[in-house]
Amino acid sequence: MIFPRLSGLAVWLLAIGRVHATEFNFMAPTGGNWSVAANWAPTGVPGPTDTATLGGTGTYTVTLDIDVIVAGLTVGNSAGAPTLSNPGRTLNVSGAGTIGS
């Protein structure tokens with residue numbers, strides 16, 4: 001039968017083509033560059049389907065050292081006051097963005 005093979009192929013193609021969004025939190029307490037994977041939890045750099053949060057405690061600066069596209073962005077909360085520095089780079093937030101607490 002050809003149909004079970006086709007349906008199995010379709011399921012496999014859907015599985016490998018599925019993109020998972022990840023929630024990234026900036027974790028470097030003294031700040032740093034956006035592009036450094038070790039600055040984020042989980043380790044990696046947020047991409048177009050991901051959300052990024054610059055929260056935590058204290059005051060620090062995150063520098064956009066690359067052009068960035070994310071699905072969502074939160075900057076700041078009641079415990080921290082991060083600064084997002086953009087020295088000539090592009091930041092594109094395709095979904096919700098929140099600045100402040």
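Q: Are phenylalanine 24 and tryptophan 40 buried or exposed?
A: In this predicted model, both phenylalanine 24 and tryptophan 40 are buried. For tryptophan 40 the relative accessible area is 2%, under the 20% cut-off, which is why it counts as buried.

Q: And how many aromatic pairs are there?
A: The count comes to four aromatic pairs. One of them joins phenylalanine 24 and tryptophan 40 in an edge-to-face arrangement, with 6.3 Å centre to centre and 90° between the planes. That pair links distant parts of the chain, since phenylalanine 24 sits in strand β1 and tryptophan 40 in strand β3, 16 residues apart.

Q: What about phenylalanine 26 and tryptophan 40, how are their rings arranged?
A: Phenylalanine 26 and tryptophan 40 also form an edge-to-face pair, at 5.1 Å centre to centre and with 90° between the planes. Because phenylalanine 26 lies in strand β1 and tryptophan 40 in strand β3, this pair ties together parts that are 14 residues apart in sequence. Phenylalanine 26 has a relative accessibility of 4% and therefore counts as buried.

Q: Which residues make up the ring cluster, then?
A: Ring pairs connect Phe24, Phe26, Trp34, Trp40 and Tyr60 into a cluster.

Q: Switching to the largest nonpolar core, how many residues does it have?
A: The largest nonpolar core has 14 residues, and those with the most contacts inside it are Phe26, Trp34, Trp40, Leu54, Val62 and Leu73. Strands β1 (23-26), β4 (51-54), β6 (68-70) and β7 (72-75) each supply at least two residues of this core.

Q: What does leucine 73 touch?
A: Setting aside residues up to four places away in sequence, leucine 73 touches Trp34, Ala52, Leu84, Leu91, Val93, Ala96, Gly97 and Thr98.

Q: Where is asparagine 39 found?
A: Asparagine 39 is in the loop between β2 (32-33) and β3 (40-41), and it counts as buried because its relative accessibility is 11%. Its side chain reaches the backbone oxygen of asparagine 33 at 3.0 Å. Beyond its neighbours within four places in sequence, asparagine 39 is in contact with Asn25, Phe26, Met27, Ala28, Gly32 and Asn33.

Methods
Residues numbered from 1 in each chain as written. Predicted model: local features only at pLDDT ≥ 70, side-chain atom pairs only at ≥ 80, totals over all residues. Heavy atoms only, no water. Core = buried A, V, L, I, M, F, W, Y, C linked by side-chain atoms within 4.5 Å. Buried < 20%, exposed > 50% of the residue type's maximum accessible area, 1.4 Å probe, protein only. Helix = DSSP H or I, 4+ residues; strand = E, 2+ residues; numbered from the N terminus. Contact = heavy atoms within 4.5 Å. Polar contact = N/O pair within 3.5 Å; in protein donor to acceptor, adjacent residues only side chain to side chain. Phe/Tyr/Trp six-rings, centres within 6.5 Å; stacked < 30°, edge-to-face > 60°.
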